[in-house]
Amino acid sequence: MKKAFGLLVAMMFAVPAFAGISKNSSWEEIMSAKTVVVKAPTVYMGRSVDYTFVCQDGNSLRTIKPVDTTVSKSYGDREEVVVVGSGYLSTPINYTHTVENCFWNNNQRLCKNQTVKGSYALTVSIPVYRLISTKNADHYTFLFNKSYTVPQCD
């Protein structure tokens with residue numbers, strides 16, 4: 001009985017703090033909510049970039065804002081990441097990449113280059129989760145999927 005009462009009291013306090021976010025909420029509301037986590041797919045631009053951080057620029061996707069270019073420098077047993085510049089990253093919407101495809105055969109690594117063609121979707125379904133933090137770990141509860149369309153660049 002005490003457990004049920006404790007759970008009821010906890011839910012009374014938790015629901016009002018979260019009540020405003022739903023599938024009908026705007027992306028701005030969802031992204032600014034502190035107890036919500038968006039797990040968007042990524043676009044590859046030399047590194048993975050979250051779909052919510054890209055815009056459409058003609059036949060390409062590019063980052064909404066410039067991003068830092070970094071290099072790692074080692075100093076003995078210490079490694080430091082140094083910013084060496086910044087700029088926009090971009091990739092064609094319709095892309096062709098050459099990738100090295102490797103596999104093991106009889107303890108021998110065999111590799112060959114393959115051409116991969118594809119297109120980045122301009123509208124994707126993004127899962128939205130509620131963050132539940134404890135002292136030991138963070139947990140996520142699935143809330144809903146929401147459609148996201150890549151905006152045009154300014």
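The protein chain exposes about 11300 Å², and carbon and sulfur atoms supply 53% of that area. Keep in mind as you look around that this is a predicted model. Of the 154 residues in the protein chain, 23% count as buried.

Let's start with the overall layout. The protein chain holds two helices and 12 strands. If you follow the sequence, the pattern reads α-α-β-β-β-β-β-β-β-β-β-β-β-β. Contacts across the sequence are part of the picture too: among contacts in the protein chain with a separation of 6 or more, 45% are made by residues 24 or more positions apart.

Now to the strands and how they come together. In general, the strands of a sheet pair through backbone hydrogen bonds, in either a parallel or an antiparallel way. Val36 is a handy landmark, with Arg130 in strand 11 as its bridge partner.

Strand 5 (residues 60-63) pairs with strand 8 over three bridges in the antiparallel sense. Look for Leu61, whose bridge partner in strand 8 is Thr91.

From here we can turn to the charged side chains. The structure has two salt bridges, counted by a rule that asks for a side-chain nitrogen of Lys or Arg within 4 Å of a carboxyl oxygen of Asp or Glu. One of them links the side chains of Arg62 and Asp57, at 3.6 Å from N to O. How buried or exposed are these partners? Arg62 counts as buried because its relative accessibility is 14%, a value under the 20% cut-off. Asp57, at 43% relative accessibility, counts as partly exposed.

The other salt bridge brings together the side chains of Arg78 and Glu80, at 3.3 Å from N to O. Arg78 has a relative accessibility of 46% and so counts as partly exposed. Glu80 is partly exposed as well, with a relative accessible area of 30%.

Our last stop is Glu79, which is found in strand 7 (residues 78-87). Is Glu79 buried or exposed? Glu79 counts as exposed, because its relative accessibility is 55%, and the cut-off for exposed is over 50%. Leaving aside residues up to four places away in sequence, Glu79 touches Ser72, Lys73 and Ser74. With Ser72, the link is a polar contact between the two side chains, at 3.3 Å.

Methods. Residues numbered from 1 in each chain as written. Predicted model: local features only at pLDDT ≥ 70, side-chain atom pairs only at ≥ 80, totals over all residues. Heavy atoms only, no water. Buried < 20%, exposed > 50% of the residue type's maximum accessible area, 1.4 Å probe, protein only. Helix = DSSP H or I, 4+ residues; strand = E, 2+ residues; numbered from the N terminus. Contact = heavy atoms within 4.5 Å. Areas by Shrake-Rupley, 256 points an atom, 1.4 Å probe, with all protein chains shown as cover. Pairing = 2+ DSSP bridges. Polar contact = N/O pair within 3.5 Å; in protein donor to acceptor, adjacent residues only side chain to side chain.
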